[in-house]
Amino acid sequence: MASGDLLLRTHAGAPVLARAFPYRLRVPARRLRGLVSPLATAKVGVASRARPGGGAAVQKRRRRDVEESPSFSRVVTRREVVDEDEDVEGEARQPRAGTSGGEAGGVDGSYLSDTRFDQCAISPLSLKAVEDAGYERMTEVQEATLPIILQGKDVLAKAKTGTGKTVAFLLPAIEVLSTLPHQRNQLRPPINLLVMCPTRELANQVAVEARKLLKYHRSLGVQVVIGGTRLTQEQRSMQANPCQILVATPGRLKDHLENTPGFSTRLKGVKVLVLDEADRLLDMGFRRDIEKIIASIPRERQTLLFSATVPEEVRQISHVAMKKDYRFINTVKEGDEETHSQVSQTYMVAPLDLHFSILYDVLKKHVAEDADYKVIIFCTTAMVTKLVAEVLSQLKLNIREIHSRKSQSARTKVSDEFRKSKGLILVSSDVSARGVDYPDVTLVIQVGIPADREQYIHRLGRTGRKGKEGQGLLLLAPWEKYFLGTVKDLSISEAAVPSADSSVETEVKNAVRKVEMKSKECAYQAWLGYYNSNKTIGRDKSRLAHLAEEFSQSMGLAVPPAIPRNILRKMGLNNVPGLRSS
Ligand SMILES: Nc1ncnc2c1ncn2[C@@H]1O[C@H](COP(=O)(O)OP(=O)(O)OP(=O)(O)O)[C@@H](O)[C@H]1O
């Protein structure tokens, strides 16, 4: 156990809970002991002191969505980047023996605890909603965090992907809100709970979960502000529908702060702030907006940070958002991997010009093996996503495409369809990397190096949710192999590259040929921007130009596309041999 960590060994939570939440527990005292004792093994850390300047390490982390960074073709301001959201420890809690069976279809129920929601000190209204949602037992992270959050503590929680973190922060936050006085017909009530999410899809999903839990809390409302529509439309919607709970992406929230009359006053009512995907929100892509938002809500509040990954830098800068005595709750047991054991992880290393054929081969086999296939292919940037989607569509696979260059209505439509359907392949940029809960994804393929280790884990986490099985494949070029060093503690094994079949190769080449030149040019430029900003690959510019040429050849181009001079200058690639300017 790390120094400074606090182990809760007793039932100390119970009296505090009872005081803060006056609902009668439905269980006798002896059962209550069973309820709180699991905490004895939970890793509940008292925050280590934040080191001044700890943000520097985080500042070094590069933006994930290089494509939306100002160095890209569509030269965007930082403001636009944020508006479009992204494409952009102590000792571990030991899963208890005897935790059995997940929900139907699950192969590993260890994400569920033994504690039932009806054993908790939550309001009857919330309990009824939880039961209607079909949740009976708490997940481990829910069990570990609920009592601490109900005590009013700030919490930084780490739990594996797909293990119910959304309910873990929403349920206690709603409990806190339900104890506040609310006037029923107030048109613009203060916002008491503010949930920040890095992407629009995730914000929408969190709002859906909140609505489920609010089913019987009739005086509480939830609204979403995420951009992708006119600001005035969201302003009207907020006026027409009173809400005390707001789920938002940072750029659009900042817009409302600056442009919506009365909005900043409403934010003065925030009692609970949640940063979902906290490590992402605290990295440099969002950090300034988040700081500004935090500065405009009361200091006296409770703050909850949740993520499946909590790098050390994030712990060091968590003082930006949380009180110094925050609790760190880590449900990933010590020595355990941050990924799920029921998800098989493989990687393949092959030259770029084989990547389309390999993808096609892997997908065809997967589709043939599993009639209920549901695949997500993650690509490095939005424009590369578009290209890959177009090539695979030409090959008559059942493809959908999602990234930040799509209109919000198209994104929502595809996202809803993919959530409900089977027999689909979603080609996605990092807009789907974090938090998005598509049920029953059978395979996640990552093409090219992810932005970092954390992004690899979150993308992989779109499969194997709620204890179900899944597969992951990382497809790398030989010069990307170094990335494996950053995930060497995870169980990733090498898979053999499928042997070349000349008829398949011809089929793929024809498909690539049919894709419009414009798509290839955009993909080339985006690809170059992405790898240029990669610390390892972007260091040697002439090598980068050579690799970019390999990429352009993989799209069937004899000569790499020219790039506008001003864009090359912005990328710092002026006069690099091998790169053509226009
Ligand atoms: N107690 C519960 N019992 C059964 N299912 C649950 C329970 N709590 C949440 N779920 C369901 O589990 C799924 C995953 O939850 P959620 O999306 O919150 O996971 P997460 O931990 O936030 O994942 P990620 O790290 O990818 O964001 C959702 O479909 C949610 O409805």
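This tour visits a sheet, the helices packed on it, and the ligand site of a predicted model.

**The sheet.** Begin by selecting the strands of the open sheet, seven in number, which follow the order β13-β14-β12-β15-β16-β11-β17 with parallel pairing. Colour β13 (399-402) and β17 (492-494) separately: each stands at an edge with a single partner strand, so one side of each has no neighbour in the sheet. On average, neighbouring strands here are turned by 20° against each other, direction ignored.

Next, select residues 443-447 for β15 and residues 470-476 for β16; five bridges join the two strands in the parallel sense. Within this region, display V447, whose bridge partner in β16 is L475.

**The helices.** Continue to helix α16, residues 382-394, which lies across β12, β13 and β14 and runs at about 170° to β13.

**The ligand site.** Finally, centre the view on the ligand and show the 22 residues that surround it; the closest are Y135, G162, K165, T166 and D437.

- Y135: a side-chain N or O atom is 2.6 Å from an oxygen atom of the ligand.
- R137: a backbone N or O atom lies 2.8 Å from a ligand nitrogen atom.
- D437: a side-chain N or O atom is 2.5 Å from an oxygen atom of the ligand.

Methods:
Residues are numbered from 1 along each chain as its sequence is written. This is a predicted model: local features need pLDDT of at least 70, side-chain atom pairs count only at pLDDT 80 or more; totals for chains, interfaces and linings use all residues. Side-chain values use heavy atoms; hydrogens and water are left out. Two strands pair if DSSP finds at least two bridges between them. Helices (H or I, at least four residues) and strands (E, at least two) are DSSP runs, numbered from the N terminus. Axes are lines fitted to C-alpha atoms, for helices over the stretch in contact, and angles run from 0 to 180 degrees between N-to-C directions. Contact means heavy atoms within 4.5 Å. A residue is near a molecule or strand if one of its heavy atoms lies within 4 Å of it. A polar contact is a pair of N or O atoms within 3.5 Å; within protein, one must be able to donate a hydrogen and the other to accept it, and residues adjacent in sequence count only if both atoms are side-chain atoms.
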